[in-house]
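Entries follow in the order I looked things up.

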Amino acid sequence: MEGKQKIHCTVGTCVYNNQEQNMCVLEAIQVTPVQNTQTKMPDESMCASYEYEKE
């Protein structure tokens, strides 16, 4: 991802999380709004690219 925006992530259950570096390994993520939430805070959005890491 040299020269591109980096996405830091600490969601350990996501298959795309590189836990050693706390980085998302996807080249792009989809961010979606949380319905019925208008807090003007980060909880108004979520990462829709999340996939549960099956053990």
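I call two cysteine sulfur atoms a disulfide when they lie within 2.5 Å of each other. The model is predicted, so I kept its limits in view: local features need pLDDT of at least 70, side-chain atom pairs count only at pLDDT 80 or more, and totals for chains, interfaces and linings use all residues. Residues are numbered from 1 along each chain as its sequence is written, and side-chain values use heavy atoms, without hydrogens or water.

**Cysteines.** I searched the whole structure and found zero disulfides. Cys47 is in no disulfide either; its nearest cysteine sulfur belongs to Cys24, 6.1 Å away.

**Burial.** I used these cut-offs with a 1.4 Å probe and protein chains only: buried is under 20% relative accessible area, exposed is over 50%, partly exposed is in between. Cys24 is buried, at 8% relative accessibility. Cys47 is partly exposed, at 35%. Of the 55 residues in the chain, 15% are buried.

**Fold.** The pattern along the sequence is β-β-β-β. I boxed the C-alpha atoms along the principal axes and got roughly 35 × 35 × 15 Å.

**Contacts.** I took contact as heavy atoms within 4.5 Å. Among contacts between residues at least 6 apart in sequence, 25% join residues at least 24 apart.

Definitions and conventions:
Helix = DSSP H or I, 4+ residues; strand = E, 2+ residues; numbered from the N terminus.
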